[in-house]
Amino acid sequence: MTETTTEDFHLLSATAQPIFDSVRALNPNEPEFHQAVHEVLHSIGPVLERRPEFVEHAVLERLVEPERQVIFRVPWIDDNGKHQVNRGYRVQYSSVLGPYKGGLRFHPSVNISIIKFLGFEQIFKNALTGQGIGGGKGGANFDPHGRSDAEVMRFCQSFMSELHRHIGEHTDVPAGDIGVGGREIGYLFGMYRKITNRHESGILTGKGIGWGGAQVRTEATGYGAVFFVQEMLDVHGENLEGKRVAVSGSGNVALYAIEKATQLGAKALTASDSSGYVIDESGIDLGLLRQIKEVERGRIVEYAKRRASARFVEGGNVWEVPADIAIPSATQNELDEASAQALVANGVRAVAEGANMPCTPEAVAVFQAAGVLFAPGKAANAGGVATSALEMSQNASRQRWNFADSEQKLRDIMADIHHAAFYAAERYDVPGDYVAGANIAGFERVANAMLAQGVI
Ligand code: NDP
């Protein structure tokens, strides 16, 4: 799987273009951040025309500038006694709707552009959930692959020895993302507790069920993406029964997208990692995939070795597999124009971004031109952060909700997000355009709050 970025942006409205020009001039060499800002500015052009007060109060100029950015050194010692140094980030984008909220990503590709693109998107995603959470994101250019548990623990402890100054249940509440799962959240939480001498459950989400974690948080992003697909299909009187589903990735989002799609009667056919993909015409055996990925922390090829109906395609592009539904759940810009054309040629009906910005702008244009139902990440994968907000509520009130109630809440939230995006698109005369609808609905909530709270 290759990552691509694009710097060929088409012209925006007369109001939005100067803002975008200034973003590019002030933030050079940040292509992912430019891409995310451009998409939002493009969608909300019509809002600015109808609501000139947003322009007058410089809402956008303020929004593209994070409230605070922290970049820090993360020194640690590996198992061979060698000194290692990584770079840590926390970008606190907007707290107008609630404490900053967004995950931590540990991946060698992490840089300020990626953290800012994710943080910027997070503002609108979190607004869409209706849960009273602001937007932020963080991480480090640390690669957990091939590291021992002890090394990951020392890294997390060093990371938290700086991060703890900047977070808090009313300030900023990080969670997981690529490379940060239950193991890392545990080590981070333990270090926070030691440094502060306080068991403040609400400072991180994605915790273990036995120590402050919430039911369904682990499953929420993948489940939520499938619920969103269900909502889109329902508008057209269709459902998931018997549909062929292609999923990329084999991490948290992918695993639970596969699980929920299967539970709802679809056949999930694929999973991938950065080495290639597997296709299993009998449907992915989730127990086996979890054993390999979550327990053994192995590579995807292992799945094909242990399952007769599966085949491993080294370095292959998972989007060449014919599917009715595609759920890209690995990383940004993993599905390009050619992949989108292949999916359309094979008759894809709906695409939901489980990952953040996995489809390039050119790919999105292909889907929209072909009439494919397309759900952007800030709507389709918002179930994760929405359930994190439910975890925060439970931590604050010292309650524990059961699995069934929590899953029903997630289902309701995804239906509400679908409703908000669908009707925002209708109000602005772009029916069926979930990209515009999600951006508009999220932006309106944030912008209204910014107007009410003054020039901050
Ligand atoms: P994980 O670390 O659990 O899994 C990531 C998966 O994607 C792995 O299979 C990994 O393969 C693959 N991957 C990551 N980077 C690349 C790359 N550069 N090229 C090819 N494959 C890659 O992460 P998550 O499942 O948590 O996150 C996946 C996506 O979903 C991200 O975009 C994240 O921002 C987004 N997301 C996650 C949420 C959550 O709750 N976890 C919430 C909302 C969005 P390999 O091991 O080979 O790197």
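The side chain of N356 makes a polar contact with the side chain of N381 at 3.2 Å. A polar contact here is a pair of N or O atoms within 3.5 Å; within protein, one must be able to donate a hydrogen and the other to accept it, and residues adjacent in sequence count only if both atoms are side-chain atoms. This is a predicted model: local features need pLDDT of at least 70, side-chain atom pairs count only at pLDDT 80 or more, and totals for chains, interfaces and linings use all residues. Residues are numbered from 1 along each chain as its sequence is written, and side-chain values use heavy atoms, with hydrogens and water left out.

- N356 sits in the loop between β12 (350–352) and α13 (361–369).
- Helices (H or I, at least four residues) and strands (E, at least two) are DSSP runs, numbered from the N terminus.
- N356 is buried, at 9% relative accessible area; buried means under 20%, exposed over 50% and partly exposed in between, with a 1.4 Å probe and protein chains only.
- The N356 side chain also makes a polar contact with the side chain of K125, at 2.8 Å.
- Beyond its neighbours within four places in sequence, N356 is in contact (heavy atoms within 4.5 Å) with residues including F117, L118, K137, D177, T331 and Q332.

**The ligand**

- The ligand is surrounded by 26 residues, where a residue counts as near if one of its heavy atoms lies within 4 Å.
- The closest are D177, T221, S274, R299 and N356.
- N356 places a polar side-chain atom 2.8 Å from an oxygen atom of the ligand.
- H145 has a polar side-chain atom 2.8 Å from a ligand oxygen atom.
- For G179, a polar backbone atom is 2.9 Å from an oxygen atom of the ligand.
- Taken alone, the ligand exposes 890 Å², and the protein buries 89% of that; these areas come from the Shrake-Rupley method with a 1.4 Å probe.
- Two or more residues of the shell around the ligand come from each of α8 (217–235), α9 (252–263) and β8.

**The sheet that holds β8**

- Strand β8 belongs to an open sheet of three strands, in the order β8-β9-β10, with antiparallel pairing.
- β8 (270–273) and β10 (310–314) stand at the edges with a single partner strand each, so one side of each has no neighbour in the sheet.
- β8 pairs with β9 (276–280) in the antiparallel sense over four bridges; strands pair if DSSP finds at least two bridges between them.
- D273 stands opposite G276 in β9.
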